[in-house]
Every structure is written in C-alpha cells, then in structure tokens.
Amino acid sequence: MALIPISLKVNGTRFERAVEPRRLLSDFLREDLGLKATHVGCEHGVCGTCTVLMDGEAVRSCLSFAVQADGCEVRTADGLAQGGKLSALQQAFWEKHGLQCGFCTPGMLMVATELLERNAKPTKAEIEEAVSSNLCRCTGYYNIVESVQRAAELMQEGAK
Amino acid sequence: MTATFPKHIPAEGYIPPSRQQEPPRKSYKYIGQNLKRVEDPRLLTGNGQYIDDIVLPNMAHAAVLRSDRAHARIKRIDTSKAKALAGVYLVLTGAEAKEMTGATAQFASPPVVQYCLAVDRVRHVGEAVAAVVAENRYVAEDACDLIEVEYQDLPVVVDPEAAMTSSGDAVLHPERGPNNIAQHRTFTFGPVQEDFAKADVVVKRTLRWGRSGAQPLETVGCIAAYEPGSGKFTMHTNSSFLNYVGWLVGASLGVPASKLNLIPCVTGGSFGSKLFTHKVMTLAGTLARAAGRPVKYLEDRLDNITSCDNHGSDRLYRCELALKRDGTMQSLRFQVIDDYGAYFQFGVGTHGNSLCQIVGPYRINSIQMELIAVLTNKCQQGAYRGFGSEVTNWMLERMADAAADELKMDPIELRRRNLIQPGQFPYVIPSGNLYDSGNYPAVLEEALRIAELPKWNKIRDEARAKGRCVGIGIATCQERSVFSATEFWSLNGTENPGFTLTSSPESTQIRIDPTGAIHVTLGSPFWGNSPETMAVQIVAEQFQVDPSQVNIVYADTQSGFNSTGPGGSRFTVMIAGAIVGAAKQVKDKLLRVSGHMMEADVGDLEFRAGKIGVKGVPGKEKTIGEVALFAHYFRLNLPAGDAFASGLDANYVYDHPLTTMPAADRSHLGIFYPIMGHMCHLALVEVDPKTGKVAILDYVAVHDAGTVVNPMTLAGHIRGGTAQGIGTALYEKFHYDETGQLVTGTFADYLIPTLAEMPPAIRVGHVETPSPFTEYGIKGGGEGGRMGAPGALSRAIEDALSQYGVRCDELPLTPRKVRELVRAGEKR
C-alpha cells in the first residue's frame with residue numbers, strides 16, 4: 001500500500017513520517033511514536049477511551065486516520081505531566097480517586113483538558129456534560145466529576 | 001458466642017476455631033485511612049504497562065477469523081490465499097492447531113471439551129475458526145478476510161427451555177450424550193416439604209434474569225514467546241489467576257510448568273472476566289511456537305464481546321416462597337434453568353456460589369433447588385461481579401416484594417421482620433454455609449436514615465398527585481466474600497466431584513533491604529482493584545512505618561508461589577492474612593537483632609514510628625534502617641544459629657480462613673464462603689410511562705464489609721458496582737436472535753451506562769461488623785454494588801408503575817420492556 005507523508009506535532013515534538021492511508025491515529029500514536037497513554041477500548045468511537053486533542057479539539061483517535069492529523073497539533077495524556085511532575089488535572093484525579101483500573105483515564109483526562117481550556121470555571125453540569133461523552137466501567141463517574149472540579153480549583157489557585 | 005444452626009445440621013464440631021491473630025481494634029494508624037492510591041501516578045501518566053503497551057523484539061501480531069454461524073460443521077477451510085499475502089508468517093486452522101496443542105483447561109466434571117480454535121464444528125457466533133500471524137495487525141486482518149470456509153449449517157438452539165429437549169443435530173456436543181442438558185440435579189437443604197405444608201401462604205413467581213457481562217474497557221490479551229532450544233514459553237498476560245491455574249496452560253500446550261513463565265501486567269478492568277484468560281494464552285502460545293517468533297494476540301472488542309468466555313448468568317426461575325400470615329418466611333423452593341452457552345468451563349460453579357447465601361439475610365428454614373444447566377449456541381458463561389449470587393439476591397428480593405404485595409405489607413417491614421438478628425451469629429444457613437457476623441437491622445436503619453425516607457415518601461406522593469410515576473425500591477442483600485473453591489465442585493455428582501476440600505491460599509514475601517525499605521511481593525496482579533494500596537496500608541500498620549517506605553513487587557509464576565488472585569471479593573482479606581503472617585516473622589527477627597544491638601530483652605521492645613525502642617525509655621531506640629543494615633552486613637557480631645542468619649525476609653502462605661467439607665450426601669455443603677458482608681440499597685426513581693425511560697432520582701447504598709482498610713476505595717467499588725448493577729437492571733443485554741446472531745455486538749448496541757444514566761449521586765454509608773475469623777476483622781467488598789442494585793431498581797420501577805399493576809419480573813428493564821409492561825397494564 002502506498003505510503004503518505006505526514007508532518008505533525010505531537011505533545012510539542014514535530015514528527016515527519018510516512019503512513020498507510022488506512023493507519024488509525026490511535027495506532028500511529030501508540031505503535032509508531034510509542035506514546036502508550038492513549039488506550040483503545042471499543043474501536044468504534046463509542047467509549048471515548050482513545051480521546052486525544054487535535055488542534056485543541058477532542059477527537060476519537062480510533063476513528064481518525066493518521067493522515068487526517070497531517071499539519072495538526074496533537075496532544076495526548078502522555079504529555080500532561082511536565083518535568084516528572086503530575087499536572088494539576090492528574091493531581092486532582094489522584095486526590096479524588098478519579099480512577100480505578102486506569103484504562104479509560106487518559107481519555108477522561110483529555111476530555112477534561114479540552115473543557116478546562118475552553119472554560120476555566122465550568123459548572124458541575126458542564127463537567128457532567130463533558131464526562132458523559134466517555135465510558136468508565138469502574139468508578140460510576142462521580143469521582144471523575146469531582147476530580148475535574150478539583151482540577152479547576154487547583155488551576156485557579158495556580159494562576160493566582 | 002452461641003451459634004445458630006438449622007436442625008438438619010449437626011452443631012457439634014461444625015465450626016472450626018478461628019485462626020485470627022490480629023483482632024479488630026478500636027483505632028489504627030493506617031488501616032481505615034483514605035490513603036491516596038499507590039497505583040495511580042503511573043496510571044495517570046500513561047506508564048501503566050497494560051498488555052498492549054508491551055512490545056518484544058521481532059514481535060508479530062495475530063488476528064482471528066471468527067464464525068459468522070451459530071452452529072455449523074466446518075466442511076473445508078482454504079487458507080492458501082491468506083498464506084500467499086505479503087507479510088503473513090502463519091495461518092493456522094483449528095484442525096492444524098489440534099496437532100500441536102490440546103484442549104483448553106476445564107473445571108467442569110465431567111468436562112466439555114473446548115479448543116483454542118474450533119475443530120470440525122462451530123458452536124456459537126464468534127467462535128474462533130482460524131488464526132493468522134503477520135507483521136502487523138492490519139495485514140493479519142487482511143489475511144483473515146482471504147480465508148475461505150465452507151460450512152454446513154446445523155440446527156441452532158438459543159432458547160434455554162427449548163435446549164432441554166434438543167436432539168439429533170441440535171445437540172452441541174454429541175460425545176457427551178444425546179441432549180443439551182449439561183447438568184440436572186435437585187438439592188434439598190432442610191425440611192422443605194414440611195415447611196411448605198405448614199405455610200399459610202405460598203407466593204409464586206416466574207423470573208427471568210437476562211445475560212449481561214463485564215465488558216471491561218480493556219480486552220484480553222497475551223504476548224507469547226517460545227524458545228525452541230529450551231522449549232520454554234514466556235508469556236505476558238492480563239490473567240488475574242496466573243499463580244493459581246496458569247500451569248494448566250502448560251498442560252494444554254504440552255509442556256510442564258517448569259517450561260512456562262507467566263508474567264503479570266497491569267490490567268484494565270476485569271470484574272471477573274479476566275480470571276483465567278486461558279484460551280487466549282493457549283492460542284498465543286500455540287501461534288508463537290508455530291510461527292517461531294513472539295506473537296501478540298489482543299482481542300478486539302468484537303472478539304471479546306462474542307467470544308470472551310465470560311458472559312454472565314442467564315437464568316429462568318420458577319420460585320415458590322412459603323410464609324406465615326404475619327410475613328415470616330419459612331421455606332423457598334425453585335427450579336432454575338441456566339443457559340450456559342456453548343461450553344461449560346466452570347461447570348455450575350455460579351450455582352455453587354449462589355448457595356452460600358441462598359437465604360439472603362432472612363431466617364428461611366429450608367431450601368430446595370432444582371438446577372437445570374443447558375448448553376446453547378451462545379458464548380459460554382464465565383465470571384461477572386457476583387458470580388451467580390447477584391442473581392439469587394435479585395430473585396430473593398423479587399420474592400420478598402411479591403410476598404409483601406400479596407400479604408399487603410410494607411416491603412421494608414416485611415424485611416425487618418425476617419432479618420437475622422445480631423445476637424444469632426455465627427449463623428449457619430440451611431445449605432451449610434456460615435454467616436460469620438453481621439448487624440443487618442443496623443444497616444437497614446442506617447440506609448433509611450441517610451435516605452431520609454419520609455422525604456422520599458413526600459416526593460413520591462407529591463409527584464403522584466401530579467400524575468407522575470415515582471417509586472421507591474429497597475434491597476437488603478448479602479455480599480459473601482473470600483472465595484475458596486468449593487463452589488466449583490460441590491454440586492457435581494458425588495461419584496465424580498472432581499476435587500476435594502480446597503484452600504485457595506494467598507501468599508506474600510516481605511523483605512526489608514539494608515536501607516530499611518520494605519519490599520512486598522504479591523502473587524496476584526493488579527486488575528483495577530487496589531492491591532498495592534491495601535498491602536501498603538496493612539504493612540505500614542504492622543511495622544508502624546510511613547507508607548512511602550513500602551515498595552510493591554508483582555511475582556511472575558516462576559518466582560511467585562501459592563497465590564490465587566483477586567476474585568470472589570477475597571484479595572484484601574487474604575493478603576492481610578499473608579502480610580500478618582510474614583510480618584510477624586520479620587518483626588520477630590528485627591526485635592531479636594535490635595535487642596542485641598541495644599542490649600535489651602526482646603520482651604521490653606516495641607515498634608514506634610519507624611523505630612524499635614525500649615518500652616518506657618524514650619530515646620533508647622534504633623531505626624528499622626539501622627537494624628536492617630546491621631542484620632544484612634554485620635551478622636557475625638550476632639549469636640550463631642539460623643535465628644540470626646543475614647537478612648530480613650519471610651515468605652508466608654495464608655490459607656483460606658474457614659472452609660469445611662460438604663456432607664457426603666450433600667444434605668449440606670459445609671462452610672465455604674463464610675466471610676459475609678451485607679448491604680441495603682434504596683432507590684427513588686421516576687418512570688416516564690410514555691417512553692419507558694427510567695430516571696434514578698436518588699440512591700443510597702449502605703454496606704457492611706467488616707473492618708474497612710480504605711473507605712475511599714471501598715466506596716469506589718460500591719459506586720462502580722452499582723453503576724454495573726444499573727446497567728444489568730436497565731440497559732445491558734447480550735441479545736441473540738433466533739438464528740443465534742449476537743445483535744448487541746458493539747458498544748453502540750450493548751449499552752453500558754454513561755454518566756447520563758446515573759443518579760445525581762450514590763450516597764454511600766458504611767457499617768462495620770468485624771469478622772471474628774479474618775485478620776483485623778476485614779471482609780471483602782469488591783462486588784457489592786452490582787449485587788444490590790437490580791433488586792432495588794426492580795422494586796422502585798414496580799412501585800412507580802403501581803397504577804398499571806406492573807410486575808418487574810424480567811431484566812433488563814429497557815425502555816422498550818417498560819413500555820411493554822405499561823401497555824399490558826393499560827389493557828388490564
């Protein structure tokens with residue numbers, strides 16, 4: 001199969017690669033770039049576990065082709081912690097017991113990242129709306145909502 | 001303590017003495033704290049190392065061709081086009097695989113034979129027919145598309161009652177005999193006939209529990225490597241029971257356990273469905289050996305949902321509950337037909353499980369169960385949070401509600417009247433199992449207090465006055481914990497039980513290194529629970545050290561020993577037992593060594609905040625690090641003899657705390673699941689009778705899991721389990737049509753609750769009745785939420801739709817099903 005050259009930025013690093021047009025973005029990130037935080041749960045866009053940000057917008061990487069990310073800036077949960085330190089969002093998930101098995105967590109983190117970048121002080125209903133896009137089989141979701149609320153607080157404190 | 005026994009069980013010597021070494025205390029330093037989970041930082045940063053994150057040099061990828069037929073003979077398979085595709089290393093059919101690999105592990109007795117790839121015949125949609133190994137998964141799937149299979153269709157059996165009379169070509173496993181009945185036996189515990197004869201009222205119901213399953217977001221996978229020289233397999237696996245039954249995979253592959261090392265990894269959820277994963281390991285091993293290079297096989301969602309071997313119970317009950325006029329329950333008898341699907345890996349283990357709490361929290365004097373296990377053209381059953389007991393909980397709660405309706409009693413009052421009382425423990429139930437401790441009225445009252453029931457009643461009444469359908473439901477249920485293995489064999493024919501008394505132990509190694517850091521090795525993996533956090537809190541309590549001083553290591557099967565794994569809500573209790581045993585040996589040695597260092601009597605020493613000191617002499621102390629350094633490097637300054645051998649370490653195997661043999665005639669099953677938790681769930685729901693949509697307005701769950709190690713993580717299990725219970729009750733169903741096609745084969749059709757389906761909150765309460773048999777009095781609590789929610793929700797919906805005279809006797813109560821009930825009610 002012919003390979004298509006693509007050029008994109010992932011978590012701040014520029015990559016130039018050639019991929020099959022059918023190669024999924026999720027596989028490209030995980031296998032070609034070795035970025036393992038993005039997990040794949042259902043492979044047809046329902047569960048949201050594979051959510052990444054493409055130019056700031058949450059997308060299902062299992063339903064996106066790598067070629068679609070050509071020229072884009074992609075962010076994954078691998079890039080959240082900086083300098084070996086958990087981000088405020090990750091810290092909040094830890095404090096509020098926002099994860100159990102941790103498999104859906106990267107998707108939840110990216111959904112929350114998108115929300116908090118657009119809306120630094122979301123209401124509980126706005127957080128619930130965002131979180132309800134993804135499946136979690138362990139937690140019953142409440143602690144995820146609380147984690148995002150706590151992250152918003154931590155980020156406000158950090159901004160002061 | 002005075003135990004309570006049913007008349008048909010001889011009390012003398014029935015209950016072995018407790019082996020508890022650490023009695024429960026009034027307060028602890030680390031146990032009972034909401035310690036943040038030790039596991040989380042690496043999971044939050046993408047460093048979990050789940051099975052799909054592991055990459056081996058030269059690793060190839062496998063894909064599986066699955067049957068699109070429910071029941072057919074395989075006439076011919078042509079793999080030539082697939083083999084010719086560039087990048088394909090290997091194509092293997094079932095017949096070819098059978099030449100090198102035996103049947104998969106079986107726990108039923110007698111077994112129903114299954115292979116990792118179907119041989120000659122497919123028995124359900126999704127059954128593996130052939131496998132491809134290629135340079136990547138894309139090519140492997142391309143090659144699957146090029147395999148040509150010629151089938152000869154056979155009659156399809158999907159209805160469990162029809163399966164009872166199957167014959168001829170509709171029989172799935174003709175070598176077993178001429179029908180699809182895998183087991184048919186009646187068990188009687190206590191004077192059922194007499195109790196029914198004395199009853200004032202007999203309440204009858206037919207109940208149908210639909211098939212749902214765990215469907216964790218991570219599927220099952222294995223990376224297998226084979227060394228042709230040594231003949232040794234190494235496998236990375238997300239199995240939970242690798243140190244328990246992993247060696248059976250070696251048996252399938254034809255190698256001894258000395259040539260099979262299973263390496264655990266972090267697992268993205270199981271809820272029971274990854275206990276064994278032996279079929280996937282057996283397949284990956286077969287492919288790796290045949291392909292001559294490491295092979296990764298990871299199920300995709302379709303593989304998992306059609307063929308995970310872990311669909312949940314699928315039962316039809318015909319029940320009769322005998323009561324006195326005042327609502328006192330006397331006896332319960334039922335027929336249950338359970339649709340096990342195409343294979344029978346665990347036999348009727350899910351009914352063995354059910355029988356450990358078959359009277360629920362109620363003083364029911366006798367029980368009769370006619371069990372009919374049938375085989376049909378569906379994915380086989382396995383484990384899902386509750387392992388069959390969640391179904392009997394629902395059945396009992398449905399019968400309690402039915403009795404309340406017929407006797408015109410308040411369902412809460414009827415339950416209150418029948419609860420086993422706090423002074424009656426330990427309480428032996430008719431099936432022989434023991435309930436170790438409990439305070440069921442306290443759990444009920446705490447739930448009612450949290451819910452503020454008068455407020456709920458007001459909400460319901462006001463809504464009804466406006467024509468809205470609001471209802472309240474209750475469930476008071478048992479939550480057995482600490483799995484042993486009796487359930488897997490006690491219901492087998494006594495002429496061929498398959499096993500005898502089984503301990504299912506758990507082990508640990510505790511080692512203190514020269515710096516004083518404590519390394520704890522677990523023989524069981526992380527499956528989404530909190531094994532590291534549990535172990536850290538208990539070790540910190542034992543040594544009175546800061547949790548940051550404790551490091552957790554997971555053993556592979558080559559280095560691990562005698563562990564069972566998480567499952568049956570056992571891990572926290574069992575690892576606590578192992579830690580207490582190992583810690584005692586290490587602490588004794590620390591005291592011996594530090595006694596010499598400080599010239600003090602061992603009896604005068606105590607552990608205090610990371611140090612060992614002389615009682616009553618502040619300042620006269622050594623840190624654990626100082627003692628550890630001495631014990632490691634300066635042993636020759638200490639007395640001769642093994643008691644002072646260099647180093648500080650101990651292994652300990654903790655056996656199941658309390659389990660005994662069934663009666664030879666099966667008039668009782670012995671004590672086999674006695675660490676008994678309890679719960680009360682209350683639900684307030686609104687039903688839209690026009691659409692059938694159920695909205696949960698409020699929800700309360702109070703659980704008693706004995707001494708709580710970490711209230712935060714226990715509450716996580718309760719809420720998460722309740723979410724799964726909501727799914728089972730209202731949304732989730734593996735629906736097979738009459739041709740055996742699974743029509744809910746994706747997450748777009750198999751509906752797992754999102755946050756939008758959840759109540760605004762699940763308000764959780766804890767009551768703590770410590771176990772007299774486990775260390776610190778801990779009980780398990782991993783499955784609870786799913787074991788209570790279906791009962792509470794069924795009643796709440798029934799109550800909400802009371803004007804339609806609705807009975808919620810079938811799950812799931814999907815909007816469509818609720819509409820059916822309303823429509824039928826409107827016609828009446």
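Me: What makes helix α12 of chain B a helix that lies across strands, and which strands are they?

Reply: This is a predicted model, where local features need pLDDT of at least 70, side-chain atom pairs count only at pLDDT 80 or more, and totals for chains, interfaces and linings use all residues. Residues are numbered from 1 along each chain as its sequence is written, while chains are lettered from A and ligands numbered from 1 in the order in which they are written. Helices (H or I, at least four residues) and strands (E, at least two) are DSSP runs, numbered from the N terminus. Helix α12(B) covers residues 389-407 and lies across β8 (201-209), β13 (315-323) and β14 (329-339) of chain B. It runs at about 140° to β8(B). Axes are lines fitted to C-alpha atoms, for helices over the stretch in contact, and angles run from 0 to 180 degrees between N-to-C directions. Contact means that C-beta atoms, placed from the backbone, lie within 7 Å.

Me: Which strands make up the open sheet, and in what order?

Reply: The order is β7-β15-β14-β13-β8-β29 (chain B), 6 strands with mixed pairing.

Me: Why are β7 and β29 of chain B said to stand at the edges?

Reply: β7 (181-189) and β29 (810-811) of chain B each have a single partner strand, so one side of each is left without a neighbour in the sheet.

Me: How do you know that β7(B) pairs with β15(B)?

Reply: Two strands pair if DSSP finds at least two bridges between them. Here 8 bridges join β7(B) to β15(B), residues 366-374, and the two run antiparallel.

Me: Why is chain B called as compact as a globular protein of its length?

Reply: The radius of gyration, taken over C-alpha atoms, is set against the globule rule, 2.2 Å times the number of residues to the power 0.38. Chain B has a value of 28 Å, close to the 28 Å that the rule gives for 828 residues, so chain B is as compact as a globular protein of that length. Chain B has 21 helices and 29 strands.

Me: What share of chain B counts as buried?

Reply: It is 60% of the 828 residues. Buried means that 20 or more other C-beta atoms, placed from the backbone, lie within 10 Å of the residue's own; exposed means 12 or fewer, and partly exposed is in between.

Me: How many residues of chain A are in contact with chain B?

Reply: 39 residues of chain A are in contact with 39 of chain B. Helix α2(A) gives the most to that side of chain A, with 4 residues.

How values were computed. Two residues are in contact if their C-beta atoms, placed from the backbone, lie within 7 Å.
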